[in-house]
Amino acid sequence: MTVKDLAEKIEVKAKEVLKKLMEKRMVLTINTTLDTETATMIAREFGADVKMRTFEEEMVVLESEVIDPGDLVPRAPVVTVLGHVDHGKTTLLDAIRETRVAEQEAGGITQHIGAYAAEIDGRRIVFLDTPGHEAFTMMRARGASVTDVVVLVVAADDGVMPQTQEAIDHARVADVPILVAINKIDKSDANPERVKQELAERELTPEDWGGQTVMVPVSAKKRDNLDTLLEMILLVTELGEHKANPKRMATGAVLEAKVDRGRGPVATILVQDGTLHVGDNFIVGTHVGRVRALIDDRGQPLKEAEPSSPVEVLGLTGLPQPGDALQVVADAAKARQIALLRQNQAKTLESLQQQLAEGEAKELPIIIKADVQGSAEVLAESLAKLGDERVKIRIIHTGVGAISEWDVLLASTSNAIIIGFNVRPDRNAAGVAEREGVDIRKHSVIYNVTDELKKAMTGLLEPTTRERQLGLAEVREVFKVPKIGLAAGCIVTDGSITRAGDAQARLVRDGVIVHEGRIGSLRRFKDDVNEVKTGIECGITFERFSDIKTGDVIEAFTVEKVATV
């Protein structure tokens, strides 16, 4: 329990407990979690009677609600779109929802699960857009586990590919019906009949061939046959009875989780049953929270979310894992107890100091930090599979957010490589990494991570290129410049900022890379300059990018070639 919880239990003021802890040279805060031994010791010093109970005895079962069958009402079906990379899944959803998603993703490939609601013929349907690259198999499987029907997208000019087969397997494991969208029929080399033949060989026989699988030829780009596809989705989902009770306390599943600047931990939740309200207390995985705000897929605030609603939930005390179940609870104190006990149980399963002693096998320790939990999870899963009998990959830590000094120190003591996926080291971490000689690899596309690690495993080679930091500048003010757009008023805090030669720059916001490119202009007052050094103010713009905010950090760097040993 926390210091605050202990004070409430023994009916004394929290400051009295903190004072007692300070006498024992333990400087803590009211939100610090106390271990069993410390809590027991302090409680007894205040004359409290302490009774120890096992985890099983303390784990309370959330109160089951009596469900009245008359309260069950039809809910919107949940449709997951699966398929091979570049077969047009996100473009298809884009055409259905009339929004732009694909253009915002690195390399044009969806890297995080997105959940979106659409209104079709007066009926609401929820679409889950799962990543298509094979490294995101885990995300795709998670999407299928919460869905009512799978729309399998197959390109008419490409046919069945490895990830198409993976998607079929996931849908079958989830025991959900499959509807096939044969996309890109507008292409000159499109061959829908060949696709049907390949799918029939995999026991997905088209209806027009006497089978039971609905297949619809479409063109997401030209929006051909989309109405037919939507009608077929409605028809297939009508065959199953999808009902929920909006009057009960909400339950749901975490689709994605991230740390957002200014908002803290944010989770994308699919409400599966009940109604989630602002102000509800809940437990999700090892964390508790109170719903501070609900945001729908269009960015609009909600007061409540009914079954089959994808929403962003604010008010968490920590970052849950994708796939964790969310349960609204009436008793917040019980929820905290359960969460703390779950945390303690999870800690006993971890040991960062374990060393492998499997013959003469070498190992490559890895620390993964990513911008969202889903990316960290699938990176760990993908990299762990790269090991062989000669070199073993050992993931010693995964996390979300900027690379911290703690991450670097852990890497130093365990001789690990840090992989930053769409995140950067903070200033302290960068300095410690340089001093300790810790290798930090930064990437924004997952293909590059696996390729680099494969090379590193071949004799544990050093990389052929290395990034050299030139300087850092902090954005103090943002102002408009005619014919240019937004410019950043900055002060150089370390090294120097330059636009000469092959220097590049990236914009970092709260430890996450927002943009990487070249500096468009660098000015001191009204004069163009090639370099600005530490402690000097300047104006900076990027080439073809202007989404700059106060507090951002601009990092100048070069990429140097290093001889391979």
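Predicted model: local features only at pLDDT ≥ 70, side-chain atom pairs only at ≥ 80, totals over all residues.
Let's start with the whole chain. We've got 14 helices and 30 strands. Of its 565 residues, 48% count as buried. The accessible surface comes to about 28,500 Å², and carbon and sulfur atoms own 48% of that. Now, how do the contacts run along the sequence? If you take contacts between residues at least 6 apart in sequence, 70% of them join residues at least 24 apart.

On to the inside. The largest nonpolar core has 26 residues, and the members touching the most other members are Leu92, Phe127, Leu179, Leu229 and Ile233.

Leaving aside residues up to four places away in sequence, Ile233 touches Val79, Ile125, Phe127, Val151 and Leu179. There's also a second, separate core, this one with 21 residues, including Ala473, Ala488, Val492 and Phe545.

While we're around H9, have a look at Arg223, in the loop between strand S7 (215-217) and H9. Arg223 and Leu92 sit 131 residues apart in sequence, but their C-alpha atoms are 8.3 Å apart in space. Why does Arg223 count as partly exposed rather than buried? Because its relative accessibility is 44%, and buried would mean under 20%.

Next, charges. Side chains of opposite charge can pair when their charged atoms come close. In this structure, there are 22 salt bridges. One of them joins Glu238 and Arg123, at 2.8 Å from N to O. That pair ties together distant parts of the chain, with Glu238 in helix H9 and Arg123 in strand S4, 115 residues apart. Arg123 has a relative accessible area of 31%, so we call it partly exposed.

Another one is Asp157 with Lys187, where the closest N and O atoms are 3.3 Å apart. This pair links two loops, 30 residues apart: Asp157 lies between S5 and helix H7 (162-174), and Lys187 between S6 and helix H8 (192-200). Both partners are partly exposed, Asp157 at 21% relative accessibility and Lys187 at 39%.

Further along, Arg523 pairs with Asp528 at 3.1 Å between the closest N and O atoms. And then there's a network: Arg424, Arg506, Glu516 and Glu555 are joined by salt bridges that share partners.

So which charged residue goes without a salt bridge, although buried? That's Asp371, in the loop between strand S18 (362-370) and helix H11 (373-384). The nearest side chain of opposite charge is Lys258, and that is 8.0 Å away, while a salt bridge needs the atoms within 4 Å. What Asp371 does have is a polar contact, side chain to side chain, with Asn422 at 3.4 Å.

Last stop: Val50, in the loop between helix H3 (36-45) and helix H4 (55-58). Not counting residues up to four places away in sequence, Val50 touches Thr40, Ala43 and Arg44. With a relative accessible area of 22%, Val50 is partly exposed. Ile10 is 40 residues from Val50 in sequence, and their C-alpha atoms are 9.9 Å apart.

Methods
Residues numbered from 1 in each chain as written. Heavy atoms only, no water. Helix = DSSP H or I, 4+ residues; strand = E, 2+ residues; numbered from the N terminus. Buried < 20%, exposed > 50% of the residue type's maximum accessible area, 1.4 Å probe, protein only. Lys, Arg positive; Asp, Glu negative; His and termini not counted. Polar contact = N/O pair within 3.5 Å; in protein donor to acceptor, adjacent residues only side chain to side chain. Core = buried A, V, L, I, M, F, W, Y, C linked by side-chain atoms within 4.5 Å. Contact = heavy atoms within 4.5 Å. Areas by Shrake-Rupley, 256 points an atom, 1.4 Å probe, with all protein chains shown as cover.
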